[in-house]
Amino acid sequence: MAKKVILGMSGGVDSSVCAYLLQEQGYDVEGLFMRNWDSMLNNDFLGNEDISNDICPQEQDYLDAQAVAKQLNIKLHRIDFVKEYWDNVFQYLIDEYKKGRTPNPDIFCNKYIKFKAFADYAFEKLNADYIAMGHYAKTKDGFLYKAKDNSKDQSYFLAQLSNSQLEKTLFPLADYEKTEVREIAKKLNLAVASKKDSTGICFIGERRFTQFLENYIPAKPGEIIDIHTKKVVGKHRGAMYYTIGQRKGLNLGGYEKPYFVVGHNLEKKVIYVTNEDHKEYLLSNKLIGINWNPLANEYNKDNLSAKFRYRQADIKCQIRLLENNQIEVIYQDTEAVTPGQEVVIYEDNKVIGAAIIDQIFYNGIKKDYL
């Protein structure tokens, strides 16, 4: 009897092609569409250009998923995780921004929604043997690896999962390039073959981000200060809205060289900036991570690399496990390593583990202005 797979179908080309590939591999495939955000219920008005549309992007995604499911003759279920998403993902995002940190909602979305709430429903209510997702990543024996298409690899976003979660998950796109996926969709004449990839916040979509945050964090205007000269160079709407390394949206015109954010002080309502002449304020070479999530306990400690953000090139590193589930990571000088983001440790293509970046150091000195 064929093993039953419940596939997360988002209405996009990746998950749609996954449905076909799983069928070709002999699985009994059913789709499950998740609705995780309600703009009206969640007060999502500022920064939301889609609020007045006749049909919201999320409902269009569902219609697209329905069209593909009909083409491939598979059953499509639908489930709402609006409360779960708010409680486990979005509330965390807001709390972190209020602290002046920059969280990554995609990581918590995977940990608590796609591979927890979704998985629980699939296994307990739909009698799944496996779940499957359209991520570009690879699993083997409960371990996580990078996908073939390095430019699309999403292992970074999956590194807070557990080995037990990974053991029950299939990633059909592990050995496919994105161009191949598009070609398959076009050959099958799938309804979403030419649909653009989704962007923006996980399950929320594109937003004018500063305005979007104002829905949930009141503006607290203050001064923008050049950290090197100590001079006031401008005004801002709220220090918590800006991220380390940010160059756009500062409204600092008329200066010889453009400024970028290097830190802030929420109590004083100050953003610190500098220009390219003083990039040392943006550099770090050591961090302390919290909530270390080990995925492999055996590895070559001399062959490790780290990613501090998605799409970043791997950076050689050394790690030391500390007490209380913390980790020390030492690396070459790197710009804009940001508290609240994730550090993911690799041995070649294998994910060793991940942690939330908590403290940043440069040449032994803690960067308190972050």
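1. Lys138 is partly exposed at 29% relative accessibility (buried means under 20% relative accessible area, exposed over 50%, partly exposed in between, with a 1.4 Å probe and protein chains only). Its salt-bridge partner is Asp175, with the closest N and O atoms 2.9 Å apart; a salt bridge is a side-chain nitrogen of Lys or Arg within 4 Å of a carboxyl oxygen of Asp or Glu. Lys138 sits in strand 5 (residues 137-140) and Asp175 in the loop between strand 7 (169-170) and helix 7 (178-187), so the pair ties together parts that are 37 residues apart in sequence. Helices (H or I, at least four residues) and strands (E, at least two) are DSSP runs, numbered from the N terminus.

2. This is a predicted model, in which local features need pLDDT of at least 70 and side-chain atom pairs count only at pLDDT 80 or more, while totals for chains, interfaces and linings use all residues. Residues are numbered from 1 along each chain as its sequence is written, and side-chain values use heavy atoms, with hydrogens and water left out.

3. The whole structure holds 27 salt bridges. Among them, Lys307 pairs with Asp314 at 3.0 Å between the closest N and O atoms. Lys307 is buried, with a relative accessible area of 10%, whereas Asp314 is partly exposed at 32%.

4. Lys366 and Asp368 also form a salt bridge, their closest N and O atoms being 3.9 Å apart. Asp368 is exposed, at 62% relative accessible area, and Lys366 is partly exposed, at 39%.

5. A network of salt bridges links Asp14, Lys152, Lys178, Arg182 and Asp197.
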